Amino acid sequence: MSDETSTGTGTPAGPQPEPLRFFGTTWVEHDGGYTARRIGVAVGSPLAAVASCFVLRFAYQGLTIGNVGTLVTVMVVVMFAVCTALAFGHTWESFSKRPDPERRAKLRGLLTIGFVGSLLAYSLRSFFEAPGEKLHREEYETAKEQYIRRTTRRAGNPAKRRRRA
């Protein structure tokens, strides 16, 4: 959330909404093609996941053609399954609370291997809202309330007010 004041550039004073991937700031008022974008993400991410599974299938076929052995093949399949499950969980959790940047950096390789899980989480979340919209909306509303409280002026000294009888 940025807390900018108007500098004559047309930027309104106060906090500005943070843009979401594929949605920009259309999530604030659900305008500017928000519905079409949600449909696009809801259709596109599972298609990308299916295409990714075909790529992984080719990798699996490469292992069988290479005759690397059953143990290695099973280990690779289990590794992709576990990484996919962990990536799904991490991505799903990041829609409701900000992920720790240090932990995310440590898990970058694991999340890259389990990219299918991230795509599936993105797809499922897009049926309910723009992925991450709820978290960003809560933060934006809180920032707006704090900004209004900071900028509103009191009407005089409360100690000098007369008490009503």
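**How α5 packs against its neighbours**

Tutor: Let's start with the pair α2 and α5, which are oblique to each other. Keep in mind that this is a predicted model. The axes of α2 and α5 lie 7 Å apart and the helices pack at an angle of about 40°. As for handedness, α2 passes α5 in a right-handed crossing. From α2, the contact uses T84, A87, F88, T91 and W92. Facing them from α5 are V116, G117, S118, L120, A121, L124 and R125. Sort the residues of this α2 with α5 contact by type and you get 7 nonpolar, 4 polar and 1 charged.

Now find the other partner of α5. Helix α1 covers residues 34-65 and helix α5 covers residues 115-126. Their axes come within 8 Å and cross at roughly 160°, so α1 and α5 are roughly antiparallel to each other. This crossing is left-handed. On the α1 side, the contact is made by R38, V41, A42, S45, P46, A48, A49, S52, C53 and L56. On the α5 side, look for F115, V116, L119, L120, Y122, S123 and S126. The tally for α1 with α5 is 12 nonpolar, 4 polar and 1 charged.

How do α1 and α2 sit relative to each other? They are roughly antiparallel, with axes that come within 10 Å and cross at roughly 165°. Here α1 passes α2 in a right-handed crossing. L56, Y60 and L63 in α1 meet T73, V76, V77 and F80 in α2. By type, the residues where α1 touches α2 divide into 6 nonpolar, 1 polar and no charged.

The largest pocket has a volume of about 800 Å³. It is lined by 25 residues, and the closest to its centre are R21, S94, F95, R104 and Y122. Elements that give two or more residues to the lining are α1, α2, α3, α4, α5 and α6. The largest share, 4 residues, comes from α5. Taken together, the lining residues divide into 13 nonpolar, 7 polar and 5 charged.

Notes
Residues are numbered from 1 along each chain as its sequence is written. This is a predicted model: local features need pLDDT of at least 70, side-chain atom pairs count only at pLDDT 80 or more; totals for chains, interfaces and linings use all residues. Side-chain values use heavy atoms; hydrogens and water are left out. Axes are lines fitted to C-alpha atoms, for helices over the stretch in contact, and angles run from 0 to 180 degrees between N-to-C directions. Angles under 35 degrees count as roughly parallel, over 145 as roughly antiparallel, 65 to 115 as roughly perpendicular and the rest as oblique. A crossing is left-handed if the near helix is turned anticlockwise from the far one by less than a right angle, and right-handed if clockwise. Contact means heavy atoms within 4.5 Å. Ala, Val, Leu, Ile, Met, Phe, Trp, Tyr, Cys and Pro count as nonpolar, Asp, Glu, Lys and Arg as charged, and the others, Gly among them, as polar. On a 1 Å grid over the protein atoms alone, a cavity is a set of points where a 1.4 Å probe fits but cannot get out, and a pocket is an open set with protein on both sides within 12 Å along at least five of seven lines; lining residues have an atom within 4 Å of a point. Grid points are joined across faces, edges and corners, and a volume is the space filled by probe spheres set on the points.
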